[in-house]
Amino acid sequence: VVEKVGFTPQDLVDFKVQNMVGTVDVGFPIRLEGLVYAHSTFASYEPELFPGLIYRLVSPRVVFLIFVSGKLVMTGAKTEMDLSEAFSKLYPVLMEYRKASVAPMPGLPTIGQQASINVLQDKRTEDV
């Protein structure tokens with residue numbers, strides 16, 4: 001396709017990786033307000049402008065976008081090793097600001113209530 005438009009690729013093109021991006025889901029919600037308060041030198045959080053907290057790690061020089069859901073975007077790394085090292089440094093901080101429990105939505109049963117509802121439904125089907 002590229003050659004059809006008139007571009008002829010060269011065998012020895014000199015290129016350099018400038019930026020790598022990675023994503024990860026830590027599997028738990030994060031208290032962004034507490035994190036930005038305690039790490040204000042590295043973090044900024046303006047929920048009215050953007051829903052994620054921006055955390056700028058100094059070494060390796062990687063920027064994280066951290067969302068309350070526990071999903072992260074890592075950018076600015078030059079190598080996969082930089083991404084891995086940066087995440088290893090930030091993970092204990094994220095664990096510190098892990099939300100203890102998530103409040104249920106009004107009107108929806110909690111996990112315990114849902115389990116008892118399922119048990120009642122199972123008993124009803126056995127009786128029939």
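Which residues do ring pairs link into a cluster? Ring pairs join Phe 28, Phe 87 and Tyr 91 in this way; rings of Phe, Tyr and Trp (its six-membered ring) pair if their centres lie within 6.5 Å, and planes under 30 degrees apart count as stacked, over 60 as edge-to-face and the rest as tilted. The model is predicted, so local features need pLDDT of at least 70 and side-chain atom pairs count only at pLDDT 80 or more, while totals for chains, interfaces and linings use all residues. Residues are numbered from 1 along each chain as its sequence is written, and side-chain values use heavy atoms, with hydrogens and water left out.

The protein chain contains 3 helices and 5 strands. Helices (H or I, at least four residues) and strands (E, at least two) are DSSP runs, numbered from the N terminus. Along the sequence, the pattern is β-α-β-β-β-β-α-α. Of the 128 residues of the chain, 22% count as buried; buried means under 20% relative accessible area, exposed over 50%, and partly exposed in between (1.4 Å probe, protein chains only). Among contacts with a separation of 6 or more, 55% are between residues 24 or more positions apart, where contact means heavy atoms within 4.5 Å.

The 5 strands form an open sheet in the order 1-5-4-3-2, with antiparallel pairing. Two strands pair if DSSP finds at least two bridges between them. Strand 1 (20–25) and strand 2 (43–44) are the edge strands, and each pairs on one side only. Strand 1 is joined to strand 5 (residues 71–77) by 6 bridges, and Thr 23 stands opposite Val 73 in strand 5. In the loop between strand 3 and strand 4 lies Pro 60. The peptide bond from Ser 59 to Pro 60 is cis, with omega near -5°. Most peptide bonds are trans.

The largest nonpolar core has 23 residues, and those with the most contacts inside it are Ile 30, Leu 53, Tyr 55, Phe 64, Ile 66 and Leu 94. Such a core is a set of buried Ala, Val, Leu, Ile, Met, Phe, Trp, Tyr and Cys residues joined through side-chain atoms within 4.5 Å. Two or more residues come from each of helix 1 (32–38), strand 3 (53–57), strand 4 (62–66), strand 5 and helix 2 (80–96). Helix 2 gives the most, with 5 residues. Leaving aside neighbours within four places in sequence, Phe 64 has contacts that include Leu 53, Tyr 55, Leu 72, Ala 86 and Leu 90.

Helix 2 has 17 residues and spans 25 Å from its first C-alpha to its last, close to the 24 Å expected at 1.5 Å a residue; the expected span is 1.5 Å times one less than the number of residues. A kink of about 30° lies at Leu 90, shortly before the proline Pro 92. The bend at a residue is the angle between axes fitted to the seven residues ending there and the seven starting there. Leu 83, Ala 86, Leu 90, Val 93 and Leu 94 are the buried residues of helix 2, and they pack against strand 1, helix 1, strand 3, strand 4 and strand 5.

The structure holds 4 aromatic pairs. The rings of Phe 50 and Phe 67 form an edge-to-face pair, because their centres are 5.8 Å apart and their planes lie at 65°. This pair links distant parts of the chain, 17 residues apart: Phe 50 is in the loop between strand 2 and strand 3, and Phe 67 is in the loop between strand 4 and strand 5. Phe 50 counts as partly exposed at 34% relative accessibility, and Phe 67 counts as partly exposed at 22%.
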